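Please walk through the model below, beginning with the place where the two chains meet and ending with a pairing inside one chain.

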There are 2 protein chains.
Amino acid sequence: MSQEGEGKVTLLDCWVSPFCMRVKIALAEKGVNYETREENLFGGKSQLLLNSNPIYQKVPVLIHNGRPLCESTVIVGYIEDTWTSPPLLPSDAYGRAQARFWVDYVDKKLFDAARSVWMTKGEAQEAAKKELIEVMEALEEVLGDKEYFGGDSFGYVDIEIIPFTSWFLASEKFGNFKLEGYCPKITAWTKRCLQRESVAKVVPDPEKVCEFVMMMRKMQGMK
Amino acid sequence: MSQEGEGKVTLLDCWVSPFCMRVKIALAEKGVNYETREENLFGGKSQLLLNSNPIYQKVPVLIHNGRPLCESTVIVGYIEDTWTSPPLLPSDAYGRAQARFWVDYVDKKLFDAARSVWMTKGEAQEAAKKELIEVMEALEEVLGDKEYFGGDSFGYVDIEIIPFTSWFLASEKFGNFKLEGYCPKITAWTKRCLQRESVAKVVPDPEKVCEFVMMMRKMQGMK
């Protein structure tokens, strides 16, 4: 472990946030000890969160030796840079760029599409389902016949995508459709990832995510 | 120059795209020789562009030894990784993470806000002006009294932000307001950056960008 990697690590966390899951899986893969502070998203945000992330006021925030880091992809990049072993990104520049391209694609498209499926109705919901299926088909093609997105070993792209799979059941339930037929390889990859301790410990039961989504829908006046 | 950095470099380009400007400034800072192919955005996209960037079908695309790279921030990261001297990112992990956080913030907010000012009217335009001013005030605070975003030398965050300043005149003209009063330090920084050859050669005259914007507005049925 490099000098830079030592010291106190605290995560401002929320169990259901796929963005927080990314950070927890990356920390587990690197063998970093950390403490979590669960934010109560319905009971007001902590002063520590507001001070640490004044721009977005959102979890996850990683505080390393008193210095806050925000935005999950930036945080996972920092973890990769700080605790260098084992490496999560490919060793060649082109492989790293491709990994970052797909994570950027997921950041732009996946969560919004999945959320829109359970937060809308009618035409908007149909459009969201179509978008979500398109995203998953694109990822299916990128994964191809590889074990993991980076090849034989679990790494950066896997960490950035796997948390979202725990939210798919909610999209399927409220969208009345099934994703599996569109992306069987991703479905098999999901099961493979869930066998890893770093993932299994962090990614919640999709039924619990559904209960959370039901609460979110009720708060928005949806049945 | 590393082995990885050798070979043929082609940029699928558009003179007015701030995203293409980022790539050209980064290549110039690294002293990389490359050829450009100007895409005619009103005359149909080239087959090379469609094949190289099937997901977004947008410039910039950098083709290095036959392998395409898409999305300007991913490309600039690849340039930094491949041609390692001079480094554009800070040498410490926290500094790199902060740089990536602010570039991500700009990617999420700046261009959309600036475009909305010249593409909308009435309340939507007022909201866009407010958003653009907020973004610029945030960046003003980040820059502070430093010469450049990274400190004493021109680097990653400067490269990623400076192209957008050539579009501000269009927002000001069609939004009937002035940004300078809200961000005098950014205004001084802009002048400083424009004195660099890598920037001056690439960033167009804001009046020419205004002419382009007028054409875009006409195509959308606006006067």
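Across the interface of chain A and chain B, the rule finds six salt bridges, a salt bridge being a side-chain nitrogen of Lys or Arg within 4 Å of a carboxyl oxygen of Asp or Glu. This is a predicted model, in which local features need pLDDT of at least 70 and side-chain atom pairs count only at pLDDT 80 or more, while totals for chains, interfaces and linings use all residues. Residues are numbered from 1 along each chain as its sequence is written, chains are lettered from A and ligands numbered from 1 in the order in which they are written, and side-chain values use heavy atoms, with hydrogens and water left out.

One salt bridge joins B:Glu71 to A:Lys108, with 2.3 Å between the closest N and O atoms. On the side of chain A that touches chain B, β4 (67–70), α3 (72–82) and α4 (93–119) of chain A each supply at least two residues; helices (H or I, at least four residues) and strands (E, at least two) are DSSP runs, numbered from the N terminus. The most comes from α4(A), with twelve residues. That side of chain A divides into 14 nonpolar, two polar and ten charged residues. Here Ala, Val, Leu, Ile, Met, Phe, Trp, Tyr, Cys and Pro count as nonpolar, Asp, Glu, Lys and Arg as charged, and the others, Gly among them, as polar.

How much area is buried between chain A and chain B? The figure is about 2300 Å², of which carbon and sulfur atoms give 62%; buried area is the accessible area (1.4 Å probe) that two parts lose on being put together, summed over both. A:Tyr56, A:Tyr94 and A:Phe101 supply 26% of the area that chain A buries against chain B, more than any other three residues. In terms of contact (heavy atoms within 4.5 Å), 26 residues of chain A meet 26 residues of chain B.

The last stop is within chain A. Over all chains, the structure holds 36 salt bridges. One of them pairs A:Asp13 with A:Lys24, whose closest N and O atoms are 3.0 Å apart. A:Asp13 lies in strand β1 (residues 9–13) of chain A and A:Lys24 in helix α1 (residues 18–30) of chain A, so this pair ties together parts that are eleven residues apart in sequence. Side chains of opposite charge can pair when their charged atoms come close.
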